[in-house]
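Dear colleague,

I am passing on the structure we talked about, and below it you will find my notes on how some of its parts pack together. Please read them with the structure open beside you.

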Amino acid sequence: MSLYLTNDKITKLLNNRKIIISKKKLLQYLLFTKDNFNKFTNLTSKCKQNLNDIDTKHINPLSWQIGHVIFFYSNLILKNLDNCQNIDYIENYNNYVDFYDSWKTPVENRIGELLIPHTKCLKYYNIIITILINYINNNEIGKKESYLIMLGILHNEMHNEAFIFTKLKINNTLPEQFNFKIEELCPRNLIKNIDFISYKSGEFIQGSNDSKDYLIFDNEMPSFKTKLNSFKISKYPITEYQYLQFIKEGGYIKNEYWSPNGIKWKDKYNIELPLYWLKVLKNTENNKYYYEYFKTINNKKLSVETNLPIVHISYYEANAFCKWMNGRLPTETEYEYVSTNGGKTIYPWGNGHPNDELCNLNYKNTIQSVNEYKMGNNKKGISQLIGNVWEWCQEPIYPYNGFVIDPVYREMSYPFFGFKRICKGGAFCVPDFLIHPRYRNAQYPDCRIQFIGFRICKD
């Protein structure tokens with residue numbers, strides 16, 4: 001049986017979904033996403049990418065990514081909307097569909113003559129957005145249409161995030177037009193101790209069922225009852241200052257803190273610090289030498305003695321820190337339990353929709369201190385479970401019992417089951433209409449280019 005479905009089969013399956021998004025909201029989301037896409041892809045042609053970088057498998061060439069977004073819309077969204085215009089009239093269309101398909105073209109082959117020039121890409125992209133705007137305005141929007149259009153928008157948003165961390169890796173800069181600032185915090189306010197919040201054993205409903213309000217991805221369904229043992233979880237994500245103490249106490253040298261795969265990765269690539277960190281040898285007045293640690297963002301040296309959450313570290317590094325602290329990473333079940341107050345609320349703070357006082361989303365700020373957004377704490381005072389930075393969880397992503405593959409985005413989940421590691425919570429570079437506590441992101445355990453941090457648990 002083919003994994004790909006006919007349009008009739010897709011229509012039947014999507015008309016059984018619950019999602020219904022109003023025309024007004026669809027247009028709002030689409031224009032928000034378009035605006036960010038055009039800003040974050042600006043000056044792409046000036047980004048010179050080193051394809052031999054150790055993080056290559058986590059970074060698609062920027063120009064390829066732009067084309068991938070375009071032909072995802074064209075081949076999976078426009079093609080499946082009834083009586084919808086498309087760009088399938090352009091020369092070499094079928095070759096472009098294959099070339100910009102991440103499952104048909106491996107990373108090392110995403111260069112060459114089929115790369116469409118940046119200006120032409122933007123032309124095709126804006127044609128597609130115009131087609132979708134006209135379609136929304138001139139057609140009845142039901143379950144199928146809501147699902148398909150939101151799928152295209154959310155996939156586009158995943159790449160908007162990728163444009164940010166890709167450009168940071170290539171050029172060491174964050175997008176200037178958003179005036180992103182990395183704030184340094186006063187050392188006298190440093191959070192030095194790790195506070196823990198205790199939870200007794202319990203049970204709740206994990207995962208999602210279909211929703212009329214937002215798109216539920218295949219890996220989030222179906223929901224199921226699960227039990228938890230008692231545990232303690234850190235009130236805040238681990239900060240740069242706290243992670244620095246692990247480094248100063250030889251955390252990268254002492255292999256007893258590292259998993260076997262983590263040791264091999266660390267030794268192969270000579271990993272000694274988080275990505276973008278450096279250590280500078282200094283001398284004091286009495287001729288004693290010591291190291292100072294910094295991070296380099298926007299081509300500036302910035303102190304790491306801050307209350308900002310540590311990011312740009314792999315699962316292996318986060319896991320090693322936890323072992324150094326006689327702890328462990330949270331399980332996905334624990335993270336979701338805490339983020340939904342035992343399944344009693346939609347979000348950590350309650351059922352109200354995210355806003356700027358509750359969490360750091362929607363590209364409005366860069367990473368903020370862990371003690372900001374206190375109004376978004378959960379019912380026991382745990383901070384920033386949604387927004388600011390993604391957080392590593394302990395286990396790989398697996399399907400829930402009863403998993404059914406998405407009828408349109410077939411490769412959304414199943415190719416990654418068993419080896420990508422769960423990340424929860426979203427980040428500053430994620431829109432509020434994508435993220436919620438039951439959303440399941442997953443990344444390779446050696447991924448460091450994304451804005452992923454962690455918090456610690458103890459039994």
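Which residues in helix 2 meet which residues in helix 5? Please keep in mind throughout that this is a predicted model. From helix 2 the residues are Lys23, Leu26, Leu27, Leu30, Leu31, Thr33, Lys34, Phe37 and Asn38, and they meet Leu122, Tyr125, Asn126, Ile129, Leu132, Ile133, Ile136, Asn137 and Asn138 in helix 5. By class, the residues of this contact divide into 11 nonpolar, five polar and two charged. The axes of helix 2 (residues 23–40) and helix 5 (residues 118–138) come within 10 Å and cross at roughly 170°, which makes helix 2 roughly antiparallel to helix 5.

The structure holds 40 aromatic pairs, and one of them is the stacked pair of Phe37 and Tyr125, with 3.6 Å from centre to centre and 15° between the planes. Because Phe37 lies in helix 2 and Tyr125 in helix 5, the pair ties together parts that are 88 residues apart in sequence. Phe37 is buried, with a relative accessible area of 0%, and Tyr125 is buried with a relative accessible area of 0%.

A second stacked pair is formed by Tyr243 and Phe321, because their ring centres are 5.7 Å apart and their planes lie at 15°. This pair links distant parts of the chain, with Tyr243 in helix 7 and Phe321 in helix 9, 78 residues apart. Tyr243 counts as buried at 0% relative accessibility, and Phe321 counts as buried at 0% relative accessibility. Both residues belong to one aromatic cluster, whose members also include Phe246, Trp277 and Trp324.

Helix 7 (residues 240–248) and helix 9 (residues 315–324) themselves pack at an angle of about 75°, their axes being 11 Å apart, and that makes helix 7 roughly perpendicular to helix 9. Here Gln242, Tyr243, Gln245 and Phe246 in helix 7 meet Glu317, Ala320, Phe321 and Trp324 in helix 9, a contact with five nonpolar, two polar and one charged residues.

Finally, there is an open sheet of three strands in the order 5-6-7, with antiparallel pairing, in which strand 5 (277–283) and strand 7 (300–303) are the edge strands. The twist averages 50° from one strand to the next. Helix 7 packs on this sheet and touches strand 5, strand 6 and strand 7, its direction making about 140° with that of strand 6. Strand 5 and strand 6 (residues 289–297) pair over seven bridges, and Leu281 stands opposite Tyr291 in strand 6.

Definitions and conventions. Residues are numbered from 1 along each chain as its sequence is written. This is a predicted model: local features need pLDDT of at least 70, side-chain atom pairs count only at pLDDT 80 or more; totals for chains, interfaces and linings use all residues. Side-chain values use heavy atoms; hydrogens and water are left out. Axes are lines fitted to C-alpha atoms, for helices over the stretch in contact, and angles run from 0 to 180 degrees between N-to-C directions. Helices (H or I, at least four residues) and strands (E, at least two) are DSSP runs, numbered from the N terminus. Angles under 35 degrees count as roughly parallel, over 145 as roughly antiparallel, 65 to 115 as roughly perpendicular and the rest as oblique. Contact means heavy atoms within 4.5 Å. Ala, Val, Leu, Ile, Met, Phe, Trp, Tyr, Cys and Pro count as nonpolar, Asp, Glu, Lys and Arg as charged, and the others, Gly among them, as polar. Two strands pair if DSSP finds at least two bridges between them. Rings of Phe, Tyr and Trp (its six-membered ring) pair if their centres lie within 6.5 Å; planes under 30 degrees apart count as stacked, over 60 as edge-to-face and the rest as tilted. Buried means under 20% relative accessible area, exposed over 50%, partly exposed in between (1.4 Å probe, protein chains only).
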